[in-house]
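Open the structure in your viewer and keep the selection tool ready. Each stop below says what to select next and what is there.

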Amino acid sequence: MIFLFAGHGGGDPGAVGVAGRTESAETIKLRNAIIAALPLGAKYQIDDDRDTLAQVLAKAQTGSGSVVLDLHFNASASAAASGVEVLVGDDAQANDLALAKDVLDVVVAATGLRSRGIKREGETPRKRLGVMRESGAVCLLEVCFISNAGDMVAYDSAMATIAKRLADVLVKHDAVI
């Protein structure tokens, strides 16, 4: 089963970027576009936009055959920070890394933005990410920098393509597991 989470719910706007756009609003839009692009009959679960991360994770019933994608947008005090990255757990297995690579490749190809690579959660400022405790193939996508006007223009022009291709990736990995 596919689990697709829009980062920053429960009243948390997440990062605020260009033109006042919020991470929570952008992740919800992208999540919904991905769901709309899934083929009929695809089994998926999404988060409730009103839930906190703890509530989302408590409701998720992931297992060894699950595919979990958590959507986020990066932010930086420097408007020059740019690119796409995907995070995996410190204990990432081959299935996590394969999913992460496919997700990264899709967004980089669609936007033309620089790949910042696949990073382990221990390399992040938080050092530990709750979603990485879920079962199955798990990754967290930092789509682009919401604080960078060029990144957001590239994302906006490619959003429909990203949604369709991410839906395809999720279905592909759901079939593998």
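## Stop 1: Helix α1

Begin with the buried residues of α1, which pack against β1, β2 (44-46), β3, β6 and α4. This is a predicted model. Now select the buried residues themselves. In α1 they are Glu-23, Ser-24, Glu-26, Thr-27, Leu-30, Arg-31, Ile-34 and Ile-35. Look at how such a list is spaced. An α-helix has 3.6 residues a turn, so residues three or four places apart point the same way.

Next, check the length of the helix. α1 has 15 residues. From its first C-alpha to its last it reaches 21 Å, close to the 21 Å expected at 1.5 Å a residue.

## Stop 2: Helix α3

Move on to α3 (94-111).

Select Ala-94, which is in helix α3. Is Ala-94 buried or exposed? Exposed means over 50% relative accessible area. Ala-94 has 62% relative accessibility, so Ala-94 counts as exposed. Draw a distance from Ala-94 to Leu-104, C-alpha to C-alpha. The two are 10 residues apart in sequence and 15 Å apart in space.

Now colour the buried residues of α3: Asp-96, Leu-99, Ala-100, Asp-102, Val-103, Leu-104, Val-106, Val-107 and Thr-111. What do they pack against? Their partners are β3, β4, β5, β6 and α4.

Gly-112 follows α3, and its phi is positive, near 75°.

## Stop 3: The nonpolar cores

Stay with Val-103 and show its contacts. Leaving out residues up to four places away in sequence, Val-103 touches Leu-69, Val-86, Cys-139, Leu-141, Leu-166 and Val-169.

Val-103 also stands out in the largest nonpolar core, which has 39 residues. Leu-30, Ile-34, Val-103, Leu-141 and Tyr-155 touch the most other members. Which elements give two or more residues to this core? They are β1, α1, β3, β4, α3, β6 and α4 (149-176). The biggest contribution is from α4, with 11 residues.

Then look for a second, separate core. This one has 12 residues, including Phe-3, Leu-57, Val-131 and Val-138.

## Stop 4

Select Thr-161, in helix α4. Thr-161 has 32% relative accessibility, so Thr-161 counts as partly exposed. Draw a line from its C-alpha to that of Ala-33. These residues are 128 residues apart along the chain, and the C-alpha atoms are separated by 9.8 Å.

Go to Ala-54, in helix α2. At 58% relative accessibility, Ala-54 counts as exposed. Ala-54 and Gly-130 are 76 residues apart along the chain, with C-alpha atoms separated by 8.1 Å.

## Stop 5: The loop between β5 and β6

Pick Arg-128, in the loop between β5 and β6. Arg-128 is exposed, because its relative accessible area is 56%. What does Arg-128 touch, not counting residues up to four places away in sequence? Its contacts are Glu-121 and Arg-133.

Select Lys-127, in the loop between β5 (115-120) and β6. Most residues other than glycine have a negative phi. Phi of Lys-127 is near 70°, a positive value.

## Stop 6: The largest pocket

Finish at the largest pocket, which holds about 670 Å³ of space. Of the 32 residues that line the pocket, His-8, His-72, Arg-126, Leu-129 and Glu-142 are the closest to its centre. By class, the lining has 12 nonpolar, nine polar and 11 charged residues.

Colour β1 (2-6), α2 (53-59), β3 (67-74), β4 (84-88) and β6 (137-145): each supplies at least two lining residues. The largest share, four residues, comes from β3.

Last, click His-8, in the loop between β1 and α1 (23-37). Its phi is positive too, near 75°. With a relative accessible area of 23%, His-8 is partly exposed.

Technical notes:
Residues are numbered from 1 along each chain as its sequence is written. This is a predicted model: local features need pLDDT of at least 70, side-chain atom pairs count only at pLDDT 80 or more; totals for chains, interfaces and linings use all residues. Side-chain values use heavy atoms; hydrogens and water are left out. On a 1 Å grid over the protein atoms alone, a cavity is a set of points where a 1.4 Å probe fits but cannot get out, and a pocket is an open set with protein on both sides within 12 Å along at least five of seven lines; lining residues have an atom within 4 Å of a point. Grid points are joined across faces, edges and corners, and a volume is the space filled by probe spheres set on the points. Ala, Val, Leu, Ile, Met, Phe, Trp, Tyr, Cys and Pro count as nonpolar, Asp, Glu, Lys and Arg as charged, and the others, Gly among them, as polar. Buried means under 20% relative accessible area, exposed over 50%, partly exposed in between (1.4 Å probe, protein chains only). A nonpolar core is a set of buried Ala, Val, Leu, Ile, Met, Phe, Trp, Tyr and Cys residues joined through side-chain atoms within 4.5 Å. Contact means heavy atoms within 4.5 Å. The expected span of a helix is 1.5 Å times one less than its number of residues.
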